[in-house]
Amino acid sequence: MTRTRKPGISRRSTLALMGAGAVSFAAPWAARAQAKTIKIGMPTILSGRVAQLGTSSRNAVMLEVEKVNAAGGLAGRQIEMVIRDSKGQPQEAARIARELVNTDGCEMLLDGEASSGSFAVHEVARDLGVLCIHTCSEASSLTADPKQHIPNAFRCVRQGIHDSIVGAGYAAGIAKAKGLKKWATCSPDYAYGRDTTGEFVLYLKKFAPDVEIISESWPKLFQPDYTEVVTKILQAKPQALYSCLWGGDLTSYIDQANIYAMFNQMEVFAVNMADYTALTVVKNLPKGIHSGDRYIKTFPPTPENAAWGDAYKAKYNEYPTNWSWQNATAVMFLTEAVKKANSTDGKKVAEALTGLTIKCPFGADGTVTMRADDHTLVGYAIGWGTTIPQEPYVPDVKAGDWKTIFELEAEWKKSKGYT
Amino acid sequence: MDLDALASCLSSPACLVTQTTSGLIIGMLLFLVAVGLTLIFGVLKVVNFSHGAFYMFGAYFAMTAYQLTGSFALAILSGAVGTALLGLIFERAFMSRVYGRDVLMQLLVCYAFVLIFDDVVRMIWGPEFRSMGMPAAFQVPPLFIAGGVVPPYYLLLIGVALVAAAVLGLGLARSRIGKVIRAAAHNPGMVSALGINTGLIYGGVFALGGMLAGLAGALAAPVRSLTPGMGFSVLIESFIVTVIGGMGSILGALIGALLIGLIRSFGSLGFPLFTEGLMYLFMVIVLVSRPTGLFGKEVA
């Protein structure tokens, strides 16, 4: 049986015409909406054990976005943040990042993922060619390894290698002064823990060649009980301990080590201690733990930094975190890059970001730079000090020297075959 | 692998004391969670996958009570009693409706509640991790026994867990209610025919299981960070303990927990990169050689 078409306009054609009409009417509205707001997508971790850091990232971004919007937006376009929870799962982060661009119409990505997720988002940015600023991942290879490099991705985050150079220099000074030759390490068993600890030990031995690592512990990430690790370290009887445990893992570890009086038996260097997430949560904070600064409002000791910390606290009723200042800085960079490019076009903004120096409350000299050759943040305030159990928690922070960081980082890159 | 470190520890009294105590602490906390799990399975024939949530609630209840009252005893009591009540409500309202259903159905209901309970904790206490802090009475230097380090708080923890194990074991073996519970586990139809309210027994057993997990959470609260989802990893380890000991066996849970504690403690010295693996390997060996676990009975 064959079908014959009736003469005249068919129902299908009528529907198609109506659809086309609707689209032609709606198109200018859509275009105007497009011109009016600029959507920025942000996959971050809003649930699970790292939720506090993800939330603090979102808070910091919104704090800065409100300022930008109040001042007229990016090149006249109001920013609309589209923030989604990746639950800390890399595959989810990648899926969300893709959806934010393809479905939600986001023109840029702020990647609020930890190291595991950021590499997944990086691949999405590579694939879609969208401008992406990583705001949380400290794994050095993300920007140091040329294989990872893409022109549209930047990293506005402190780096493990920078922390290790400064931390090892600080620790070596104390090691020499106090004769601390036997060291132990205890760090989480994943990329960040392994890399950062390895880099710290590398430079510690470079600055203090007498140092010997007599015990290593690699508890798994989010391990609830560290008793076996604590007792293992006590058995080894080191004179000093390095750890890059962080967040709830670090506080658990401190609580459990405290009751073994571990802090009286050795010098402890915990790079991630000086962040309000840990400082305010540990109830019996031991005095004299050495730590790198993460975020404290007294370092850098400038009115701009203190004012930013206070503004955050006034809005969210808690102090910001290390992830907060990094995310805030990313919005500051975007704002200045759009001004410089006089455009919100991702490609032009990326060109403007490359090598851009901006004024920033978190800069060692009041400025930070998005280094041109590897698209990573440099010049941020970085230092180490010792804790006290109440505010300001780390009263004297010894600032790291960026000249030394640059020299040793260049050597390190060469040794890794990156340059 | 660092067999030298292990050998050196085994020949040192100080190391033996420290590592054995460490193993006992890990083991006794696990026992408290696992024994509730095994008890519920033994009597109700339900694999309570949401059991870790009671451990989590116990810790949060204890922290809140401690913050409100400053009393550590009240904190522990709140953790235990609060989770017992929660267990009773949960069993009566939801679990009692899936008894006798497909295991998959039971698991799905339990897993749904794992997520729901995590969200409830997040809504009430917030998503960030919290710390209860060590009560002042235990902020004292550790004891040195034969040169080994033993924190006084851990002695309390071991003591409480041992008392709980003894009371539970004797209660089930000797008391009238213990006999009824055992009878209900063996033949619920007959117990019901004798005019005993099996619903009440089931609710009571679930509450008791919840209470033991809550007690573990409360005891762990001063030394572990509290966070939504904290019950999950404990649940997995408790399952391992339960499976090793034999599902439904209280003695099995005790022995399994102690073995896992000691494996972790001494394994961290001799096999520092394989401590977790060692635990699973042990479970596999036990299951291959004895599929019902060390003290489990064949189900006819």
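Is Lys237(A) buried or exposed? At 63% relative accessibility, Lys237(A) counts as exposed (over 50% relative accessible area; buried is under 20% and partly exposed in between, with a 1.4 Å probe and protein chains only).

## Basis of the model

This is a predicted model, in which local features need pLDDT of at least 70, side-chain atom pairs count only at pLDDT 80 or more, and totals for chains, interfaces and linings use all residues. Residues are numbered from 1 along each chain as its sequence is written, chains are lettered from A and ligands numbered from 1 in the order in which they are written, and side-chain values use heavy atoms, without hydrogens and water.

## Positive phi in chain A

Lys237(A) is not a glycine, yet its phi is positive, at about 55°. The residue lies in the loop between helix H8 (227–236) and strand E8 (240–243) of chain A; helices (H or I, at least four residues) and strands (E, at least two) are DSSP runs, numbered from the N terminus.

Asn342(A), also a residue other than glycine, has a positive phi near 50°. Its place is in the loop between helices H13 (322–341) and H14 (346–353) of chain A, and Asn342(A) counts as exposed at 65% relative accessibility.

## Cis peptide bonds in chain A

Phe299(A) and Pro300(A) are joined by a cis peptide bond with omega of about 5°. Pro300(A) is found in the loop between strand E11 (290–295) and helix H12 (303–316) of chain A.

The peptide bond from Glu391(A) to Pro392(A) is likewise cis, with omega near 5°. Pro392(A) belongs to the loop between strands E15 (383–386) and E16 (397–399) of chain A.
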